[in-house]
Amino acid sequence: MRSLLLAVCLVLALHCGEAALSCDTVGPEFNPCVPYLTHGGDVVPDTCCNGLRTLSSQAQSDEDRHNACVCMKAAIQGIPPPDAIMNAERLAEKCGVTYLISDFTFC
């Protein structure tokens with residue numbers, strides 16, 4: 001009985017130890033996108049798209065996607081809303097990761 005209880009505790013500990021994406025993870029991947037979101041342009045930096053693809057692959061759960069969105073929204077807080085949102089939509093399309101940044105206003 002004691003070994004069964006120990007096994008259950010270990011499984012629960014492993015499951016609870018899985019952390020959702022945090023801003024410490026999102027920031028370094030998303031920061032290369034901030035200049036594009038600020039100024040727009042024809043070309044999105046490769047480092048930006050690569051970072052978004054990495055985040056997209058890491059964001060497996062709804063909680064992960066929500067946390068990533070909140071962190072990205074915080075990162076662009078100083079950019080005037082029409083430009084940031086318009087450029088984010090273009091960025092999402094150009095990088096092919098729309099579900100991560102499709103609408104910053106509704107994380």
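Guide: What follows is a set of questions about a predicted model, each answered by setting a value against its cut-off.

Visitor: How do you know which stretch should be read with caution, and what is the confidence of the protein on average?

Guide: The protein averages a pLDDT of 76, and 74% of the residues score at least 70. Where pLDDT is low, the predicted coordinates should not be read in detail.

Visitor: Why is Met86 called partly exposed?

Guide: Met86, which has its place in helix α6, has a relative accessibility of 37%. Buried would require under 20% and exposed over 50%, so with 37% Met86 counts as partly exposed. In space, Met86 and Gly40 are 8.7 Å apart, C-alpha to C-alpha, although 46 residues separate them in sequence.

Visitor: What makes the span of α6 close to the expected one?

Guide: From its first C-alpha to its last, α6 reaches 20 Å with its 15 residues, which is close to the 21 Å expected at 1.5 Å a residue.

Visitor: Which residues of α6 are buried, and why are they said to lie on the same side?

Guide: The buried residues of α6 are Ala84, Asn87, Ala88, Leu91, Ala92 and Cys95. They cover an arc of only 145° around the axis, and therefore they are on the same side of α6. The face turned away from that buried side carries the exposed residues Pro82 and Glu93. After α6 comes Gly96, with a positive phi near 75°.

Visitor: What makes a group of residues the largest nonpolar core here, and which elements contribute to it?

Guide: A nonpolar core is made of buried residues of the nonpolar kinds joined through side-chain atoms within 4.5 Å, and the largest one has 22 residues, with Val26, Phe30, Leu37, Val44, Leu52, Leu91 and Cys95 having the most contacts inside it. The elements that give two or more residues to this core are α2 (23-30), α3 (34-39), α4 (46-58), α5 and α6 (81-95). Val26, for its part, touches Leu21, Leu55, Ala68, Cys71 and Met72, leaving aside residues up to four places away in sequence.

Visitor: How do you know that Asn67 has a polar contact with Leu21?

Guide: A polar atom of the side chain of Asn67 lies 3.2 Å from the backbone oxygen of Leu21, and the cut-off is 3.5 Å, so the pair is within it. Asn67 lies in helix α5 (residues 62-75), and touches Ala20 as well as Leu21, not counting residues up to four places away in sequence.

Terms used
Residues are numbered from 1 along each chain as its sequence is written. This is a predicted model: local features need pLDDT of at least 70, side-chain atom pairs count only at pLDDT 80 or more; totals for chains, interfaces and linings use all residues. Side-chain values use heavy atoms; hydrogens and water are left out. pLDDT is the predictor's confidence in each residue, from 0 to 100. Helices (H or I, at least four residues) and strands (E, at least two) are DSSP runs, numbered from the N terminus. A polar contact is a pair of N or O atoms within 3.5 Å; within protein, one must be able to donate a hydrogen and the other to accept it, and residues adjacent in sequence count only if both atoms are side-chain atoms. Contact means heavy atoms within 4.5 Å. Buried means under 20% relative accessible area, exposed over 50%, partly exposed in between (1.4 Å probe, protein chains only). The expected span of a helix is 1.5 Å times one less than its number of residues. The arc is that of the directions from the helix axis to the C-beta atoms.
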